[in-house]
Amino acid sequence: MKTDLTGLFTEKPQSGEVTVGENINFVAKVNAASLLKKPTIKWFKGKWMDLASKSGKNLQLKELYDRNSKVYTFEMQIIAAKPSFAGAYRCEVSSRDKFDSCNFDLTVHGGCPHTHSMDGSEEAGELDFSALLKKSASKSQVKNEPDEDVWEILQKAPASEYEKIAFQYGITDLRGMLKRLKKMKKEEKKSEVFLKKLDPAYQVEKGHKMKLCIEVANEDVDVKWLKNGQEIQSTGRYIFESVGNKRYLTINHCSLSDDATYTCVVGDEKCTTELFVKEPPVTITSHLEDQMVMKGERVELECEVSEEGATVKWEKDGVELTRDESFKYRFKKDGRKHVLIINEATKEDCGHYTVKTNGGESMSELMVSEKELEVYQNIADLTVKAKDEAVFKCEVSDETVKGIWYKNGVEVKADARTNITHIGRIHKLTIDDVKPEDQGDYTFVPEGYAFNLSAKLNFLDPPKIHLDCMGHTSDSTIMVVAGNKLRLDVPITGDPAPTHIASIPILVGQNQILCECWPLTSGCLGETTSVPTTVQMIRCHQPPVMYTVTMFDVFFPGYVLERKKKKSYRWMRLNFDPYTDTTYEAKRMIEGVEYEMRVYAVNAIGMSCHSAASQPFIPVAPTSEPVGLCVDDISDTTISLKWRTPEHLGSSELDGYGVEYCKEGCDNISESIASDEWVPAFEGLTERTSVIIRDLPTGEKMQFRVRAYNMAGPSAPTSLAQAVTIREIMQKPKIWIPRNLRQTLIKKVEETINLVIPFQGKPRPVITWSKDGEHLNPKQVSVRNSDTDTILFIRKSERKDSGKYEVKLQIENVEDTASISIQIVDLPGSPEKLKIMDVWGFNVALEWKPPKDNGNCEITGYMVQKADKKTMEWYTVYELYRRTNCVVADLIMGNEYIFRIYAVNMVGLSLEPCFSADSAYIQKTGFEYKPPTYKEHDFSEAPKFTHPLVSRSVIAGYNATLSCSVRGIPKPKVTWYKNKMDISNEAKYRMFSKQGVLTLEIRKPCSFDGGVYMCKAVNASGEDAVECKLEIRRKYP
C-alpha cells in the first residue's frame, strides 16, 4: 500500500503576474501544532538555485509566528520586478522526517524576459540564475547566435573536461550541477530486470502493515530484500511473496525500527526506497494536578502519556523549560510516566505549568506559600475598667520570629504606659493605667508571614442613673398634682451600656408616691447602682393604686460569623456588620476543602463568647453542563443521544445524568428550567453518556436536554442546537469489511469460523449471503443479522467450506456488495514412490514424488528420516527440505538403512510417511579416493589507479609533491611524464613508490616547471594513466 508523504502546507503560494517595476508577494503557511521541531523552509528559482543567498534590494524573505493558532507564515517579496525574474519557482518545507513542496510560476509583463544585461552593472542578472548556465559572448554575438545549453555540453564531455567547461561558461556551483547530471544519467538508464521499481518513498503509521511491491521481467528470478544494507530474513514480521512476476515484501506491525532504507536486489541491479514510519499522536492519559506547597519543599508534577518513550515539552507560563546549570528543573521519564521535579520551591516558581505532546496538552497551577507558622496561643479580647492594666499575649511556634503590634492599623510604639516584650515564643503588649482613648482593635503581625492575630480592647465605665428632679429638692422629691399624668425620664450612663433596665414600681399613697429603681448591671463586671426617689402627690384623695413605669430596653443588633479551614488556626470573619437572621449563606470558599464555622451574638454592650465550632463540612458546587450533546441515531419512534462528561466535575463524585424532552416551543433554556412541559426520559439517573429514548411520537419536533447531577444538585442544562423531527432518515447501505478479512482468511479443518461484518444503512437492509454464486447450506452455515452487523458462523469448518463468500445489502433499489475469500487447510497426504537412486561410499541418493493431496495449501517442505535395520530407531536427517530429491551422507559402513519421508505444510506433518521399498547397504570394501582437480586461478589484474592525481597551484621555490595510488598484478611499471615527456632520468625530480602509493617530488620548482604531469602504469595485463595540471605562482606578487 503506497502512502504519500505528509503534507505540511495549510496555504500554498499561488502563481502570480506582475508588471515590470511593481512588487509581488508569495505567502506560504504551515501549521506547527503537531510538530515537535520548528519547520525549515527554502525558496528556489528553477530546479536548483537557492534564493536565500540572493536576499537584497530586489528580494526579501520574511517569517512570522502566531502563538495562538501555532501557524508559521513565510513570505517571499519581490521588489521592482524585472523581465528576467519570470520563471518557475519552488517552495520546500521540512520538519524532521516530514517534507512537503509546492511549485508556482511568476509572469512579468511589459518587457522581454530573455534579454539579460551583460554590461557588468550592479543590477545585471538579479534573479536571472539561468544566465550562469549560458556562454559569455559579446553584445554583437548575443543578438545573432543562439544560447548554448550547458547541460548538453556536460553530458557529452568527458569528466576531465568538466572544470574547463565550468571556467569557460562561468559556472560557480559545479558540484551541484554534477550531482544533478549524475541523477539525470541514472534516470535515463532503463532497467532490463525491473518492469516496475519501488517508489522513492513510502509512509506508514506505527503498528500498521506495509507492503512493498516490484515487478520483474523474469518470473523465475530470485530476489533479495535488504534493510539498511543488511539482508532481511523471513520471520513473522517480514513475509516474502512471489505472485507471477510480482515480488512482495510485507512488514507487519511496523515500529520505529522499521524506519529505514529498503533495497530489492535482482542479480547486479537493485532499486531502493525510503520507508518513513509515522508515530500516532501521543495523547495524555493522566493529566497534571494543581499543587500547593510550602517554600523550600520538593515539587513533582506528574503525567502519563499513551506511548512509552514519547517526547514531551514542559512549559511554565508559555516559556519552555530546560535543564539549566543550577539543575533547578529535572525531567524524569519512567515508561509512560513523565515527571517534572523542582528540588526546592520558591515564590518565583508560582505559575501555570504545561506539558505538551504532539497529540494534546495538560496544565496545572503551582502555588508556593511561605512556611506555615503555628499559633499555640491566640490573643483574646479584653474588657477593662479605668486605670486597670490590659495585657495582650500570644505564643507562636518559632522563637526567632519577630512581630509588630498595631492599634486600629497604626503601629504601637513603646512609651511610659505601653510595654512590648518578646521572650522565647511569647509576645506581650502591656498597657498600664488604661484610659478611654486606649479602646480599639489591636493586631499582632509576625514578620515574613501573610497572616495576623487580632483582638479588641473594650473600656468599661460604671453605670450611673441621673434623675432630673423638677423640684430641685435635696431629697429628690418630685411634686405632682393628683390625677395628672406622671412621666419619669431617667437618663443612665455607663460604658458599655447597661445590659438590663428594670421596671420601676410606683406606690401612690395619700400624700406621696414612693419610686425606687431596681439594681442596674453594666457589662459582665457585676457593678450595680440604685437611686431612691420619692414622688409627693398634692391633694390626693383617691385610694392607693399601683403604677408601672417602663424604661428603655437594651438594643440587640444580631450575629457575627467566622470560618476557618479545618487544619488552620486562623478564623476569618465573614461579616463586619451584625447579621440579624439565624440563617446565613457563606460564599467564596474553595471547593473540596474542609471548613468549620462558629457564631458570636452581638448587642449594644459587645460580643458574646463564640459558639462551639460546627461539624467539618466540604463545600460542593454543581458540575458544569455536559458538553457535545448530539444525535447519534434516530428512527420513527426512538432517538439515540450521546454527550461527553462536563469539563469541570468539582470535588464531589458525579451521581449521573438526567435527560428530559419536550415538544418544540420550550427550547429556550433560560425559560425551560422552570417549565413544567419538560418530561423526564426515564426514572432516576443514568451513569452512561449515551441513552436511547423510546416511544416518541412519529413526525413530532422535539427538543432534548441533559443535566449532570452531584451532591450539590443539577448542573445547568445543555440542549440540542435545534429541535429534532422524530422520523427515520434514509441511509445508503455500506459494508465495512474488517482489515483482516480483506485478504484470504485461512482456517484449519474443524476450526470455528465467526465473521462479523459491520455495515450501515437505514431502514434495516435486506441481507443476502452466497458462496461461489450459490445459496448457503443452512445445515452447515449459520447467519445472524442485527441492525449494525451480520455474522457468518460455521461451528466446524470442512475443506468444502473453502471458497468466495459474497454478502449483499439492499434497501429498496440501492445495494452494496462485498466478498470474502476463505481457505480451509488440512494436513497433507504422504509423499509417493520413495526410491533409492544410488549408493556410493557413505552416501545414499533418494528421490520421491509430492503427495496428491497438499491439504489445500502449499507444501512447505519434507522431513527425511533414516533408521538402521538393526535397531529400527528413526533419526531426522532433514527437518524441512524443499526439494523432492536429496543425498543422505555420513552413514556408517557395514550397516543397512531404510528411509521414510513426511510431507509438511502450514498445518503440520502428514499423518502417514512414505517408506522406501528397498534398503541401502553401506559396503565395507575400501575404495580409492580421487581428489578433484581445480583449475588454477588467474590472479593477474591490469593496472588501475584507485586515487587520481589532483591539479595543484604551488609557490615557486618551495618543494612540491604529486601523489596518486595504483593497483595491479603483477606489480606495474610506473613512468612519470611532463607535457608528455619522460622525466624519469631528470635530477630535479624524485619518484617514490610505497605499497601502491606513488609520489613525485619536484625540488624547488620555477615557472618553467608548470604544465601537465602524467603518471603511467604498465604490466602484462594492460596499462592505465592519470594526469593533472601544476600551476607555479611567483613567490612575490
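**Terms and their grounds**

Mentor: Leaving aside neighbours within four places in sequence, Met76 is in contact (heavy atoms within 4.5 Å) with residues including Ile24, Phe26, Trp43, Leu61, Tyr89 and Phe104. This is a predicted model, in which local features need pLDDT of at least 70 and side-chain atom pairs count only at pLDDT 80 or more, while totals for chains, interfaces and linings use all residues. Residues are numbered from 1 along each chain as its sequence is written, and side-chain values use heavy atoms, without hydrogens and water.

Trainee: What makes a set of residues a nonpolar core?
Mentor: The members are buried Ala, Val, Leu, Ile, Met, Phe, Trp, Tyr and Cys residues joined through side-chain atoms within 4.5 Å; buried means under 20% relative accessible area, exposed over 50% and partly exposed in between, with a 1.4 Å probe and protein chains only. The largest such core has 26 residues, and Met76 is among the members that touch the most others. A second, separate core of 22 residues includes Val401 and Phe444.

Trainee: Why is Lys70 called partly exposed?
Mentor: Its relative accessible area is 23%, which lies between 20% and 50%, so Lys70 is partly exposed. Phi of Lys70 is near 55 degrees, a positive value in a residue other than glycine.
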